[in-house]
Structures are given as structure tokens and as C-alpha cells.
Amino acid sequence: METPLLQVRDLEKRYGSRVGCIGVSFDLWPGEVLAIVGESGSGKTTLLSCISARLEPTAGSVSYAMRDGVTRNLATLTEAERRLLMRTDWGFVHQNPADGLRMRVSAGANVGERLMAVGQRHYGTLRETAQDWLGRVEIAGSRIDDRPTEFSGGMRQRLQIARNLVTHPRLVFMDEPTGGLDVSVQARVLDLLRGLVADLGLSVIIVTHDLAVARLLSQRMIVMKEGRVVEEGLTDRVLDDPHHPYTQLLVASIPES
Ligand SMILES: Nc1ncnc2c1ncn2[C@@H]1O[C@H](COP(=O)(O)OP(=O)(O)OP(=O)(O)O)[C@@H](O)[C@H]1O
């Protein structure tokens, strides 16, 4: 029987007396794209940080099915195991590309660096793979020696995506991946992400306040309000037939297109 890739149980994060998120439980299945939506301050980023082992929860657990098939509670990983997971089996696409790229090294080195983390050392192979990945994210190969500082916002975001996917991670976390881009650029990046996620069979957890992004990318979504999950279900069902009054309000506030 298939096991979930990620199991979140009664997760809670408090900042002093303030609640970041509370009582959150869900499973993520291999190959599934799950969107976490909710208004500003609802706890999306807190939840994403806890499940990606970047923030220690106050209570509850997150378990992950490692490549060797053993499911481990993230809290029991050593620091070295956690870092290896982050550099190889997981990806993290930040809203601001500068948070996920090294801005002072070339585009090629940004992609190659992640490959070196999985043991690739041969310069020719590193460069060839980097070149291939730049192509996959629609960056001209002639830009391989340019630094991200010389790239447009959309190019930077596409480079960040290449850097994350080059190691063929099984799980990618995304925090508002198109949030900082011009509307005209967003569509292209979203389209690219959708294609890559499908081609690579990635599992994804994506935080967004944009329901159109959730509709386009995710199969399932959870809706957060004041740190709690108020609704969960298949994306089309939640958006077409929202049950919770808060979700109804969110859906009703989408501008007609
Ligand atoms: N470092 C922190 N210290 C104290 N309180 C925090 C901290 N980070 C978040 N919070 C609080 O936790 C709650 C959830 O915040 P969080 O950033 O997770 O929401 P969000 O849904 O991601 O919002 P946004 O869409 O604006 O990023 C808020 O009440 C926020 O003020």
C-alpha cells in the first residue's frame, strides 16, 4: 500500500502567546500538489516553515517518507540529516528569488552548486546539466556566466526554480512563487511551473493567497483562518462549492475575469 510522503499531525506553533498555527493535520501523497491558502496573517508561512523543518513547532509532529522508505519524524533528524534533505530531496522556492539564489555567482554556478551537493564533481557534466536546466526554464544558454543580478525578476525566479529542481527533489515547498512578479510575467512562470511539476511528477506544497494560482497548480487545498484549517478538499470542489463561510468569502472576493 502506498504511504503518504508527508504526515502532519496536530501541528502547533506559538510565538509567545500569539498563535501562528494550531491543530493542523493532513497527509501529502506522492505526486500531489497541495495549496495552502488564506488571508494575510492566517498562518500559511508559519505552517510552511514548520513542515519544511525551518521552524520548530511548539507541539505536534511532521513525518516524512525518506528515500530509503523509512518514515521519520523530522524532529528526530540530526542537523546533518536535515541539511542533506534540504539540499537534495527537498526544494524550496521563495517568493523573493534573492532568498533562494546566490546573487554573486553565475547562473551556471547557482544550478551546479546544488548538483555538487549530491556528489556530482565533474566540471563538464556540471556545466552541461546547468546548460540543460537553463534551457528547461527558458533562459538562453548564452546567459550561463551572467549573475542573477543581471537578470529580470522573471528570469531570477526561473533560475531559482532550475536550481531547486536540478537534483530531482521529491518534494518542493513554494512560498508565493509568483507573488513578487508583474502580472504579465506571472502567467509565464506559472505555466512553466505547471509543466515541470507534471513532467517530474513532483509533490508540492504551495502557499498562496491567490486562488487562481491554487486553481492552476494544485489538486487539493487547505484553507486557513487565524492559524487553523477551516476547510480542506479537492481544489475544484473547494473553489466551486465552498462549504465554510470564510472560504465562501474568499471565493466571492476573486475579481471576475
Ligand atoms: N516571528 C514571529 N514572531 C511573532 N509572531 C509571528 C512571527 N511570525 C508570524 N507571527 C504571527 O503568526 C501569525 C501567522 O503569521 P504568518 O506569517 O504565518 O501568516 P501568513 O498567512 O503567512 O501571512 P502573509 O500572507 O501576510 O505572509 C500572525 O498573527 C503573525 O503576526
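Helix 4 (residues 107-117) of this predicted model contributes A107, G108, N110, V111, G112, R114 and L115 as its buried residues. A residue is termed buried if 20 or more other C-beta atoms lie within 10 Å of its own, exposed if 12 or fewer, and partly exposed in between, with C-beta atoms placed from the backbone. Helices (DSSP H or I, at least four residues) and strands (E, at least two residues) are runs numbered from the N terminus. The cover over the buried residues of helix 4 includes helix 2 (79-89), helix 5 (123-136) and helix 6 (153-165), where contact requires C-beta atoms, placed from the backbone, to lie within 7 Å. Just after helix 4, G119 adopts a positive phi of about 100°.

Residue numbers start from 1 along each chain as its sequence is written.

The protein chain comprises 10 helices and 10 strands. Its radius of gyration is 18 Å, close to the 18 Å given by the globule rule for 257 residues, so the chain is as compact as a globular protein of that length; the radius is taken over C-alpha atoms, and the rule is 2.2 Å times the number of residues to the power 0.38. The C-alpha trace spans about 55 × 45 × 40 Å along its principal axes. Of the 257 residues, 39% are buried. Among contacts between residues at least 6 apart in sequence, 65% join residues at least 24 apart.

An open sheet of 6 strands shows mixed pairing in the order 6-7-8-3-9-10, where two strands are paired if DSSP finds at least two bridges between them. Strand 6 (90-93) and strand 10 (228-234) form the edges, each pairing on one side only. Neighbouring strands of this sheet are turned by 15° against each other on average, direction ignored. Strand 7 (residues 171-175) and strand 8 (residues 203-207) are joined in the parallel sense over 5 bridges, and F173 has I205 of strand 8 as its bridge partner. Helix 1 packs on this sheet, touching strand 3 (33-37), strand 7, strand 8 and strand 9 (220-225), and its direction makes about 150° with that of strand 8. Axes are lines fitted to C-alpha atoms, for helices over the stretch in contact, and angles run from 0 to 180 degrees between N-to-C directions.

A further open sheet, of 4 strands, has the order 2-1-4-5 and antiparallel pairing. Its edge strands are strand 2 and strand 5 (71-73), each of which pairs on one side only. The twist averages 20° from one strand to the next. Strand 1 (residues 6-15) pairs with strand 2 over 7 antiparallel bridges, with R18 in strand 2 as the bridge partner of Y15. The hairpin of these strands has 2 residues between them, and G16 takes a positive phi near 65° there. Strand 1 also pairs with strand 4 in the antiparallel sense, over 5 bridges, and R9 stands opposite S61 in strand 4. Helix 1 lies across strand 1, strand 2 and strand 4, running at about 125° to strand 1.

The ligand is surrounded by Y15, R18, G20, G38, S40, G41, S42, G43, K44, T45, T46 and H209; a residue is assigned to this shell if its C-beta atom, placed from the backbone, lies within 6 Å of the molecule. Strand 2 (18-28) and helix 1 (44-51) each supply at least two residues of the shell, with helix 1 giving the most, 3 residues. By class, the shell has 1 nonpolar, 9 polar and 2 charged residues. In this classification, Ala, Val, Leu, Ile, Met, Phe, Trp, Tyr, Cys and Pro count as nonpolar, Asp, Glu, Lys and Arg as charged, and the others, Gly among them, as polar.

Most residues other than glycine have a negative phi. A53, in the loop between helix 1 and strand 4 (59-65), has a positive phi near 60°. This residue counts as buried because it has 20 C-beta neighbours inside 10 Å. E138 likewise has a positive phi near 60° and is found in the loop between helix 5 and helix 6. With 14 other C-beta atoms within 10 Å, E138 is partly exposed.

Notes: This is a predicted model: local features need pLDDT of at least 70, side-chain atom pairs count only at pLDDT 80 or more; totals for chains, interfaces and linings use all residues. Two residues are in contact if their C-beta atoms, placed from the backbone, lie within 7 Å.
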